[in-house]
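Welcome! Please take a moment with the sequence and the 3D view, and then let us walk through them together.

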Amino acid sequence: MVSKCISFHLHPNLSLFSAISQTPNFSLPLPFSLFSTATTTSIKTSHNQIYDSFPKRCAILAPMASSNFDEFEPDPTLTNDDLKPTTPSQRNLHWWEMASLWIGLVVGVPSYYLAGSLVDLGMAWWQGIATVVAANVILLVPLVLTGHPGTKYGISFPVFARSSFGIRGAHVPTLLRALVGCGWYGIESWIGGEAIFLLLPNSIKQSSFSQFLPWLGTSPLEFACFIVFWMAQLAIVWKGMEGIRDLEKYSAPILIILTSVLLIWSYVKAGGLGHMLSLSSRLSSSEFWSLFFPSLTANISFWATLALNIPDFTRYAKSQTDQIIGQAGLPIFMGAFTFVGLAVTSSTKVIFGHVISNPIQLLGQIGGFTTTILAILGISLATITTNIAANVVAPANALVNLSPSKFTFRRGALLTALLGIAFQPWRLLKSSESFVYTWLVGYSALLGPIGGIVLADYYVIRQMKLSIEDLYCLSPNGAYYYCGGFNLAAMAALVIGILPVIPGFLQKVGMLSWVPDAFVVIYNNAWFFSFFSSGLLYWIFSSLRGKQNKAKPFDPLLPPAT
């Protein structure tokens, strides 16, 4: 049999016989769904019509007659209950629940800093907010596009990645995404634990338990606060996706109320927003544009990870309309919350005489029992809703995809949490906070080529048609087996898209003292460069390879969304 690594262009009219082995003059019963009749039909074939070199398909030739996933036998090493397509009864996520998910993701300590950090670099207040909004408007496009197959076929990101990277090659993009998620999980958990520590009574914070231990890298009290917050998150994750959905749904209104209270407090105490509105730009036109593009890229990379694994959530959406409308609020939510962060931060200059950019320190400065309780509730909710949805779901699903027989979503989430501790975020943040965030933002921007490849494959190459059966098939002749389970075109496009970004990244973190200006420009626009270059390269490589791996036009598990 001809290897699938080698491309042959077969006439489309011969595709009917690609599932039939060479046997002279025999009768073959075919499923009735191939024909308009309800009876089994026999086809007479001759030796000249059938060739043994035609690849046998993993699945039956006819389109799926039913939406029931159990009608065929998926490879047990490629599926379990967490990887199966969602059933119609599971697809009950309304648009407002999707919007609640994004509110929970947006309201958090890192988002609070975004516009303020740009103002610190010299932008006017409105320029900082406009940059954040522009980045999220741009990111909304790949978010909606990548979310489409999740809703249409009910599949998670690891399963979706099999169509472009191959049955085995899908481990590469999913594990890359998972690694970033584990790093962020540890950092976000440390931020939550830090909130608990800073809001503790002084008598406890001044005890012997707060003394720094060199071998631990922090104090036992701070570590204990971190573990408490870590375990609180794990209790929610243990309930699975349903528990996460409930958390996001019910936390959203609480977070909106608490954020509004903080904004009103700063407005009253500072006597209005005059100080913030007076923050004008300190940059010349050329300086502004040199800052704008890397800032735009950094803000895009803030949610670039979610732009990859958003099918993990949209697979539960009731329709395409629900997933699109639910996500359309992202730029508004980000703009509104960064406005609050900037307004409150600027007001602290008037209220306290100095700027307090850390919301945790600000709430500790305000003091009072009621404020302390609300602060712990607000920061804990904000951090948990962001951390669980953004940094647990993707790594857990990646581990399930790696070994469905050994991992469930719960086990994957537990290992993700343990890896978050192994990252020792207290050491990373205290040793070089700028390095960590540069590394994470840079790494997230390097995920751009994965997004470009999966979207080019789904929309340009396959025209939104996937074979559900072949996504769960390990046969060498399956549509997504490619060469040994790896799509070499995707792997090559991924590597080529990443390589030009590396010199600028190494220069950014101080490992190289100088690189040509071209590499600096590429790094400053890393997401754009890698996303479009890898997507274009993948399309070229796939066109050269031919279309024999194109999936059969199987019906989705649900009718197209309206």
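## Two helices that cross: α2 and α14

Helices α2 and α14 make a right-handed crossing. Helix α2 covers residues 109–120 and helix α14 covers residues 330–352; their axes lie 7 Å apart, at an angle of about 65 degrees.

Which residues make this contact? From α2 come S111, Y112, L114, A115, G116 and V119, and from α14 come M334, F337, T338, G341, L342, V344 and T345. Sorted by class, the contact of α2 with α14 has 8 nonpolar residues, 5 polar ones and no charged ones.

## The model as a whole

You are looking at a predicted model. Its mean pLDDT is 81, and 82% of the residues reach 70 or more. Two stretches call for some care: over residues 59–67 the pLDDT is below 50, although this stretch has 23 contacts in the model beyond near neighbours in sequence. Residues 548–555 also have a pLDDT below 50, and that stretch has 38 contacts beyond near neighbours in sequence. Where pLDDT is low, the predicted coordinates should not be read in detail.

The protein has 25 helices and 2 strands. It has 562 residues, and 53% of them count as buried. Among contacts with a separation of 6 or more, 83% join residues 24 or more positions apart. The accessible surface comes to about 23,900 Å², with 67% of it belonging to carbon and sulfur atoms.

## Another crossing: α5 and α7

Now find helix α5, residues 171–198, and helix α7, residues 220–237: their axes come within 8 Å and cross at roughly 115 degrees. The crossing of α5 and α7 is right-handed.

On the α5 side, the contact includes Y185, W190, I196 and F197, while the α7 side includes L221, F223, F226 and W230. In terms of class, the contact of α5 with α7 has 11 nonpolar, 5 polar and 2 charged residues.

## A closer look at W102

Next, pick out W102, which sits in helix α1 (residues 95–106). Is W102 buried or exposed? W102 counts as buried because its relative accessible area is 0%.

What is W102 in contact with, leaving aside its neighbours within four places in sequence? Its partners are L143, W303, L306, I310, G326, Q327, L330 and F333. One of these, L330, belongs to the residue range 330–352 of helix α14.

Key. Residues numbered from 1 in each chain as written. Predicted model: local features only at pLDDT ≥ 70, side-chain atom pairs only at ≥ 80, totals over all residues. Heavy atoms only, no water. pLDDT = per-residue confidence, 0-100. Contact = heavy atoms within 4.5 Å. Helix = DSSP H or I, 4+ residues; strand = E, 2+ residues; numbered from the N terminus. Buried < 20%, exposed > 50% of the residue type's maximum accessible area, 1.4 Å probe, protein only. Areas by Shrake-Rupley, 256 points an atom, 1.4 Å probe, with all protein chains shown as cover. Axes fitted to C-alpha atoms, helices over the stretch in contact; angles between N-to-C directions. Left-handed = near helix turned anticlockwise from the far one by under 90°. Nonpolar A, V, L, I, M, F, W, Y, C, P; charged D, E, K, R; others polar.
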